Amino acid sequence: MSVVLSVVVPLYNEELNVEPLLDRIESIVRALDGRPSYEIVLVNDGSTDDTLTRLREQLPRREHLVIVNLSRNFGHQLAATAGIEIAQGDAVVLMDGDLQDPPELIADFMVKFYAGYDVVYAIRRKRKGESAFKLLTASLFYRTIKRLTKVSIPVDTGDFRLMSRRVVAALKRSPERHRFLRGMVSWVGFKQIGIEYDRDERTAGVTKYPLPKMIRFAIDGITSFSDVPLRFASYLGFIAAIPAIVYALIVLGSKLLRVHPPGYTPGWASTIVAVLFLGGVQLISLGILGEYIGRIYDEVKGRPLYLISDIDKS
């Protein structure tokens, strides 16, 4: 029986990439060994340009196209989740719509899938057209999260990957709101393997992950799979308490012995230093607690992860 392949692509303001993206995906999928039946699931994540119009213009020309139009912009991870949950394939490929992830790698994914792998993820060997700052911060992020989490998340990987039907089923049973899909897929387990590739430059448009979003994404990734920051707050409190206790003992001893330590002068200097130091520790700790409490607040509301305005099919 022919294996059904679903290619899922979340899109936000990618009007210039719609047609070349579909052309490249279809040319690759049609040339696959065994000519599997397929569908291309494009998720419009509340685009404010003509992305949706361009998508609908493709419907009469493409036999295997599914357009999922979300009610508003929910963000890349939730748009990807919507596409994954709607996809019907035995193998589901998730990729970005800016053509930095080459569709040609789908053929290599399928070879590994036929060999029995449930997850085939793409490892970024080179990242063309990206600044030194972004390359450095990305490298630090992947290695930091690998050290902090108990889940073995491969470094230098994005969401570009193939997942089997049982991996997709496991993801559908995980309705958390602050989603870090590459971490969730690693957490699922099963048989996984990576394939190296060179990431291309964006063909058109601008990045949808400026620095503030990158920071938010990094925080979501770390807090989704690690409680180390909570322990860090405790450690920081202990570290701050030790010099405070030592200093208190010194002051007490000097009072009893009537001998002042070097540099000791009664007044505001030592007091303000201690207050600022302890106040900073407290604010850092409260901020870390706030991140986790905010996540709990979002989860307990139980709202849908996304809302679909309409679905169009060829």
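F113 is buried in this predicted model, with a relative accessible area of 15%, where buried denotes under 20% relative accessible area, exposed over 50% and partly exposed the range in between (1.4 Å probe, protein chains only). Y114 counts as partly exposed at 46% relative accessibility. F113 and Y114 form a tilted aromatic pair, with 6.1 Å from centre to centre and 55° between the planes. Rings of Phe, Tyr and Trp (its six-membered ring) are paired if their centres lie within 6.5 Å; planes under 30 degrees apart are stacked, those over 60 edge-to-face and the rest tilted. The structure holds three aromatic pairs, and one aromatic cluster is formed by F109, F160 and Y197.

The model is predicted, and local features require pLDDT of at least 70, side-chain atom pairs count only at pLDDT 80 or more, and totals for chains, interfaces and linings use all residues. Residues are numbered from 1 along each chain as its sequence is written, and side-chain values use heavy atoms, with hydrogens and water left out.

Ten helices and eight strands are present in the chain, assigned as DSSP runs numbered from the N terminus (helices, H or I, at least four residues; strands, E, at least two). Of the 314 residues, 44% count as buried. Among contacts with a separation of 6 or more, 82% join residues 24 or more positions apart, a contact being heavy atoms within 4.5 Å.

The largest nonpolar core has 35 residues, and L5, L42 and F109 have the most contacts inside it. Such a core is a set of buried Ala, Val, Leu, Ile, Met, Phe, Trp, Tyr and Cys residues joined through side-chain atoms within 4.5 Å. Helix α1 (residues 18-30) contributes the largest share of this core, six residues. Apart from this core lies another, of 29 residues, including F74, A79, I86 and V92.

Two rings carry a charged group over the face. R72 lies over F74, at 3.9 Å from the ring centre, and the charged end of K191 sits over the ring of Y117, 4.6 Å from its centre. The criterion is NZ of Lys or CZ of Arg within 6 Å of the ring centre and within 35 degrees of the ring normal.

L99, although not a glycine, has a positive phi of about 65°. L99 lies in the loop between β4 (91-94) and α4 (106-114) and is buried at 3% relative accessibility. F190, also not a glycine, has a positive phi of about 65°. F190 is found in the loop between α7 (181-188) and β7 (192-199) and is partly exposed at 42% relative accessibility.
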